[in-house]
Amino acid sequence: MRAKITYLVTAAVLVFYFVLVGSRGVLLIQDGRLLTVTFGVAVLILPVIGLWFLWKNTEFVRRANQLAAELEAEGALPVDELKRLPSGRIDRDSADEVFARRKAETEASPGDWRCWFRLAVAYHDARDTPRARKAMQRAIALHDGKPVRA
């Protein structure tokens with residue numbers, strides 16, 4: 001729950017920032033001189049890119065949470081079987097062991113979104129965020145019946 005609140009607060013702050021920057025862009029355009037109009041248009045592009053990025057990330061998180069809820073309803077969520085250090089951090093060898101099993105499971109069933117979801121969790125536990133995101137994107141695409149690239 002704390003992560004959701006943090007995400008919502010961060011998103012609200014970003015939207016406020018985008019509105020603030022956008023208003024400055026409009027003021028620059030209203031000045032009417034070539035240089036300020038050019039800067040105004042450039043400044044307006046930044047909030048548009050930011051809003052697109054925020055929307056895509058929000059959609060990704062929403063879809064990943066839907067898959068997690070569906071797996072939970074099936075009783076198929078990956079169980080946290082990782083060993084932890086006294087500090088609470090995940091033991092690297094334990095994460096590598098679970099990752100190897102999840103990877104083999106996914107290679108055996110490459111068309112199963114559930115395997116890709118579990119692999120994404122294993123990547124995340126192994127602190128490989130870019131691959132975790134790619135695996136989750138693949139799980140979402142497979143779940144939705146969209147074509148995926150090999």
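Is Glu105 buried, partly exposed or exposed? At 25% relative accessibility, Glu105 counts as partly exposed, where buried means under 20% relative accessible area, exposed over 50%, and partly exposed in between (1.4 Å probe, protein chains only). The legends below concern a predicted model, in which local features need pLDDT of at least 70, side-chain atom pairs count only at pLDDT 80 or more, and totals for chains, interfaces and linings use all residues. Residues are numbered from 1 along each chain as its sequence is written, and side-chain values use heavy atoms, with hydrogens and water left out.

**View 1. Salt bridges of Glu105 with Arg102 and Arg118.** A salt bridge is a side-chain nitrogen of Lys or Arg within 4 Å of a carboxyl oxygen of Asp or Glu; the structure holds 12 of them. Side chains of opposite charge can pair when their charged atoms come close. Between Arg102 and Glu105, the closest N and O atoms are 3.8 Å apart. These two residues are separated by about one helical turn because they lie 3 residues apart in helix H3; helices (H or I, at least four residues) are DSSP runs, numbered from the N terminus. Arg102 counts as buried, at 13% relative accessibility. Glu105 also forms a salt bridge with Arg118, with closest N and O atoms 3.0 Å apart. That pair links distant parts of the chain, Glu105 being in helix H3 and Arg118 in helix H4, 13 residues apart. Arg118 is buried, with a relative accessibility of 12%.

**View 2. The start of helix H4, with Asp112 and Arg114.** A side-chain oxygen of Asp112 reaches to within 3.0 Å of the backbone nitrogen of Arg114. The side chains of Asp112 and Arg114 also meet in a salt bridge (3.6 Å, N to O). Both residues are partly exposed: Asp112 has 23% relative accessibility, and Arg114 has a relative accessible area of 25%.

**View 3. Helix H4 and its surroundings.** Helix H4 covers residues 113-125. Its 13 residues should span 18 Å at 1.5 Å a residue, and its end C-alpha atoms are 18 Å apart, which agrees; the expected span is 1.5 Å times one less than the number of residues. Because 10 of the 13 residues are buried, H4 is largely enclosed by the rest of the structure. Among the buried residues are Trp113, Trp116, Phe117 and Tyr123. The buried residues of H4 pack against helix H2 (34-74), helix H3 (92-108) and helix H5 (129-144), contact meaning heavy atoms within 4.5 Å. H4 is followed by Arg127, whose phi is positive, near 65°.

**View 4. Helix H5 and its cover.** The 16 residues of H5 should span 22 Å at 1.5 Å a residue, in agreement with end C-alpha atoms 22 Å apart. Buried in H5 are Ala132, Ala135, Met136, Ala139, Ile140, Ala141 and Leu142, and what covers them includes H2 and H4. Just after H5, Gly145 has a positive phi of about 75°.

**View 5. Thr36 in helix H2.** Thr36 counts as buried, at 14% relative accessibility. Its side chain makes a polar contact with the side chain of Asp31 (3.0 Å); such a contact is a pair of N or O atoms within 3.5 Å, where, within protein, one must be able to donate a hydrogen and the other to accept it, and residues adjacent in sequence count only if both atoms are side-chain atoms. The side chain of Thr36 also reaches the backbone oxygen of Arg33 at 3.0 Å.
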